[in-house]
Amino acid sequence: MLLPIVFALLLAGGAVLAAQSSINGRLGAHTGVLESAWLTFAVGAVLTFLLVLFFEPQHEATLFSVPKWQLTGALFGVVYMLAIVFAVPRVGTAAATVSVISGQLLMSLLIDHFGWLNNAERALDGSRYVAMVLLLLAIVLIYLSHRRSAHPAN
């Protein structure tokens, strides 16, 4: 019963990320990549602080007691934000989003396969290899579409 709700929430999260990418890309084109990224993180920090302050239950671990390597995940958000704000005005929201999603899926398949970052191992099988090929094909097709629309035939 909970699974459809989780997937609906993830689908909504993905839709919001695509909209955010487009908005931040436009903002970054006008104000600069770093300024656009800064605004996202500043607003996100304030909102998250308020959510933690008023709604987060107590947990047995804190940010100060967990293994320090787990804190490095916060840095990856910066890489994503800078990449997306830089890329969207240059390649469009669809190409940037497909590339990001493909990168996420390819890395998640490797994390699962090797059990990296203390995750359970889930071996690559035939269907996962096909999925990787299809992801790369999606990037190529979006790229070719972008090239055709950037340089229309006369």
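The structure is a predicted model, in which local features need pLDDT of at least 70 and side-chain atom pairs count only at pLDDT 80 or more, while totals for chains, interfaces and linings use all residues. Residues are numbered from 1 along each chain as its sequence is written, and side-chain values use heavy atoms, with hydrogens and water left out. The protein chain has five helices and zero strands, where helices (H or I, at least four residues) and strands (E, at least two) are DSSP runs numbered from the N terminus.

**Overall build**

- Read from the N terminus on, the elements of the protein chain follow the order α-α-α-α-α.
- Taken along the principal axes, the C-alpha atoms of the protein chain fill a box of roughly 65 × 45 × 35 Å.
- Of the 154 residues in the protein chain, 15% are buried, where buried means under 20% relative accessible area, exposed means over 50%, and partly exposed lies in between (1.4 Å probe, protein chains only).

**The largest pocket**

- Rolling a probe the size of a water molecule over the atoms shows where empty space is left.
- The volume of the largest pocket is about 530 Å³; a pocket is an open set of points on a 1 Å grid over the protein atoms alone, where a 1.4 Å probe fits and protein lies on both sides within 12 Å along at least five of seven lines.
- Grid points are joined across faces, edges and corners, and the volume is the space filled by probe spheres set on the points.
- The largest pocket is lined by 19 residues, and those closest to its centre are Gly73, Phe76, Met107, Ile111 and Leu117; a lining residue has an atom within 4 Å of a point.
- The elements that give two or more residues to this lining are α3 (73-91) and α4 (93-114).
- Ten residues of the lining are nonpolar, nine are polar and none is charged, with Ala, Val, Leu, Ile, Met, Phe, Trp, Tyr, Cys and Pro counted as nonpolar, Asp, Glu, Lys and Arg as charged, and the others, Gly among them, as polar.

**The loop between α4 and α5**

- Most residues other than glycine have a negative phi, and most peptide bonds are trans.
- Leu117, which is one of the residues closest to the centre of the largest pocket, is placed in the loop between α4 and α5 and has a phi near 60°, a positive value in a residue other than glycine.
- Leu117 counts as exposed, at 53% relative accessibility.
- Asn118 is found in the loop between α4 and α5, has a positive phi near 65°, and counts as exposed at 69% relative accessibility.

**A nonpolar surface patch**

- Val46, Leu47, Phe49, Leu50, Leu51, Leu53, Phe54 and Phe55 make a nonpolar surface patch of about 890 Å²; such patches join nonpolar side chains (Val, Leu, Ile, Met, Phe, Trp, Tyr) within 5 Å, from residues with over 30% relative accessible area and no salt bridge.
- Accessible areas come from the Shrake-Rupley method with a 1.4 Å probe, and for residues only the protein chains shown count as cover.
- Phe55, one of the patch residues, is found in helix α2 (residues 33-55) and is exposed, with a relative accessible area of 66%.

**The salt bridge**

- A search of the whole structure finds one salt bridge, defined as a side-chain nitrogen of Lys or Arg within 4 Å of a carboxyl oxygen of Asp or Glu.
- The salt bridge joins the side chains of Arg128 and Asp112 (3.4 Å, N to O).
- Because Arg128 lies in helix α5 (residues 126-150) and Asp112 in helix α4, the pair ties together parts that are 16 residues apart in sequence.
- Arg128 is partly exposed, with a relative accessible area of 22%.

**Other residues in the helices**

- Ala37 has its place in helix α2 and is buried, with a relative accessible area of 5%.
- The C-alpha atoms of Ala37 and Val88 are separated by 13 Å, and the two residues are 51 residues apart along the chain.
- Leu135 is found in helix α5 and is buried, with a relative accessible area of 15%.
- Leu136 also has its place in helix α5, but counts as partly exposed at 46% relative accessibility.

Definitions and conventions: Patch = residues over 30% accessible without salt bridge, like charges linked within 9 Å, V, L, I, M, F, W, Y side chains within 5 Å.
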